Amino acid sequence: MMDETDFPVDDFAADFDVADFEVGYDVDQRPDVAALEEGCRTFFAPGGPLQSAMPEGEERPQQLEMALAISRALAKGANCCIEAPTGVGKSFAYLVPLFERSRLAGRCALITTETIHLQEQLIEKDIPFLSEVMGIPIKAALAKGRRNYLCRRRFALLSGEQRDALLPLPSLVGDVARIASALENGASGERDNPDFRVDPATWDLVCCEVGNCLGGKCEFFRECAYMRARRKWEEADIVVANHALFFTDLAMRCGGETAGTLLPNYGAVLIDEAHTLENNAAEHLGIHVSKSGVLHALNKLYNPESARGLLVRPGVSTALRAAVASCRDEAYGWFAPYENLLQQCHESALAVPRNLEDSGNFQSQLSVLIEDLATVAEREEDPSYRSELESALNRCRETIDAVDAFRTRRLPDTVYYAESDRAQISLHGTPLNIADALGEILFNQDFPVILCSATLTVRKHFDYYFSRSGFTNGESLRLDSPFATDQARFRTVRRFPDPSTPEFTEALIEILPKLIADTDGKSFVLFTSYQQMRRCADALSDEFFNRHWQLLVQGGELTRYQMLREFKRDVNSVLFGTDSFWTGVDVPGEALSQVIVTKLPFAVPSHPLIAARIDRIRQQGKSPFGEYNLPEAVLKFRQGVGRLIRRRTDRGIITCLDPRLLSKSYGRAFLDSIAYPLEIME
Ligand code: SF4
């Protein structure tokens with residue numbers, strides 16, 4: 001169903017050449033490169049507006065260099081890729097030319113980032129500050145996914161006479177009362193309102209949903225928080241979003257999605273924290289179907305266990321409810337072979353063999369249900385209720401399409417795998433050639449794309465990143481770190497057990513307290529294996545307690561955010577982390593004085609996506625180690641050690657306990673990425 005309130009989809013079929021770009025503004029209003037560059041030079045010059053507003057700030061030539069490169073790209077309508085190490089001041093470097101460009105543009109500039117922390121910093125601090133200092137009244141807006149907003153129409157439906165049938169549990173009645181009272185008190189309708197922190201099952205019934213909006217025909221249209229937000233995005237010069245929203249929107253645009261797009265039409269895109277580009281795109285451009293998602297959609301229609309759901313309503317036949325119940329049974333049966341496969345192999349993720357037999361009954365039952373449901377929705381007179389039915393119908397259609405695409409392997413050059421996370425099974429079809437896909441749908445469009453991150457190059461070259469991301473049509477720039485090379489020491493081991501041997505973990509347990517004593521706590525210890533981290537934590541917790549080092553271990557009671565907060569608060573604490581602590585963590589100052597890398601972070605090819613990427617490279621007659629494993633590990637290593645020095649005043653030690661750094665020839669690729677003096681611990 002066409003959602004009339006959604007933004008129109010651009011025509012993405014055109015085959016652009018870089019010279020043909022009109023970059024989102026009228027041709028006669030194209031920004032003049034000399035004027036853009038001059039604006040940046042003046043702003044960042046010693047004694048210029050920035051230094052006058054921040055007298056304590058130091059001159060950063062790299063910041064100006066980055067701003068000039070972005071100015072050139074914006075003026076030419078070309079793409080640009082920049083490695084900007086921590087401390088360059090990249091957000092000001094891209095905001096200043098974007099501000100200048102926004103004065104002329106007919107379409108907003110979109111900034112997309114990985115972390116909410118950076119989005120908030122841009123919206124709450126950087127953009128208002130620069131707007132004032134530059135004297136340019138910039139309108140900026142934070143774009144969030146629509147599920148972050150309350151749908152007043154859906155809430156009215158839930159608060160009406162159907163409430164008890166719609167709520168999945170009687171105990172959730174209190175949530176409805178809470179939301180009602182917040183609205184009476186003038187709540188805006190955004191999810192971050194404390195009164196909207198209700199059970200996710202309740203929120204799911206009242207939040208805005210794709211394809212479930214009456215638009216201008218809705219009686220709540222004028223007061224709708226989501227519609228207000230969208231108007232703000234449309235009027236904004238700069239829209240800030242996260243990568244997930246950006247790629248979901250991009251996938252809709254390139255798929256010719258009829259339900260419109262999520263973001264306003266933009267005339268330039270700046271992708272910050274762009275090192276995650278390949279994985280983010282892979283996640284959003286493929287097929288995903290989860291058992292919990294399918295059951296959730298069916299339960300919303302009718303849950304035979306609780307006898308609740310949309311179809312528990314006078315006039316709806318018991319036969320239709322029975323059809324939903326039967327679909328639920330078939331769904332359990334359809335996922336069963338995939339669950340059994342994972343259980344038998346004791347794996348959490350596995351590529352699915354082509355000949356795995358699943359039951360075809362689920363698809364046929366779902367087809368019958370879709371037909372019957374469509375008839376009921378067509379006859380329904382209450383527009384709000386009909387909208388719910390049509391939305392449920394769309395979910396069923398999407399499910400049947402995803403199931404069919406998965407079973408028939410419809411997408412080419414794709415890895416199909418099953419994954420289980422906390423006993424929840426999901427099936428995925430993830431494209432392997434992201435570079436070609438992004439080359440077509442992102443880097444060859446009628447808007448310039450600027451990529452930046454602190455970590456994009458391997459041995460000072462962008463080749464690997466370009467080969468994975470498909471970046472094309474533009475300039476690249478690698479900036480030097482503004483930090484001094486004596487801000488940290490880098491030490492490593494020559495004689496230490498090989499990481500593949502059992503002695504390695506025992507050696508870690510022995511050496512870690514000695515190393516951490518050098519900084520009296522204040523250390524991040526980065527692991528590549530959860531089991532190894534747990535073994536070390538169990539063995540060392542008493543000793544750390546006696547030394548008054550609070551030990552914070554990932555996977556315990558605290559969330560990642562709570563661990564970080566505690567680590568910063570307790571200055572002598574030690575944090576043991578795996579994957580997510582290697583990147584995106586900012587702890588400036590004394591609290592983080594040492595980063596210990598236990599092992600070089602080579603990805604384990606046991607995950608089907610990694611294994612398939614490696615196989616693909618091998619089939620192309622290339623070396624997977626040189627073409628994928630090594631550069632990926634170097635980038636991750638750079639991310640990990642980059643946690644230490646975040647400010648010019650930071651000091652500390654980086655310690656790597658993997659002897660392969662010195663014993664293997666490829667160790668050079670890692671050593672070359674460290675600018676600090678090397679010490680070898682004998
Ligand atoms: S306009 Fe759409 S999203 Fe807003 S309250 Fe109405 S139906 Fe819900």
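Two strands are taken to pair if DSSP finds at least two bridges between them, strands being DSSP runs of E with at least two residues and helices runs of H or I with at least four, both numbered from the N terminus. The model is predicted: local features need pLDDT of at least 70 and side-chain atom pairs count only at pLDDT 80 or more, while totals for chains, interfaces and linings use all residues. Residues are numbered from 1 along each chain as its sequence is written, and side-chain values use heavy atoms, without hydrogens and water.

An open sheet of 7 strands runs in the order 3-4-2-5-10-1-11, with parallel pairing. Strand 3 (140–142) and strand 11 (474–478) form its edges; each has a single partner strand, so one side of each lacks a neighbour in the sheet. Within the sheet, strand 2 (residues 108–113) pairs with strand 5 (residues 266–271) in the parallel sense over 5 bridges, and Leu 110 stands opposite Val 269 in strand 5.

The ligand is surrounded by Cys 151, Arg 152, Arg 153, Cys 208, Cys 213, Leu 214, Cys 218, Phe 220 and Cys 224, where a residue is near if one of its heavy atoms lies within 4 Å. This shell comprises 7 nonpolar, no polar and 2 charged residues; Cys, Leu and Phe are among those that count as nonpolar, and Arg is among the charged.

Ala 675 belongs to the loop between helix 25 (667–671) and strand 18 (678–681). With a relative accessible area of 54%, Ala 675 is exposed, a term for values over 50% (1.4 Å probe, protein chains only). Its C-alpha atom is separated by 9.1 Å from that of Ala 488, 187 residues apart along the chain.

Terms used. Buried < 20%, exposed > 50% of the residue type's maximum accessible area, 1.4 Å probe, protein only.
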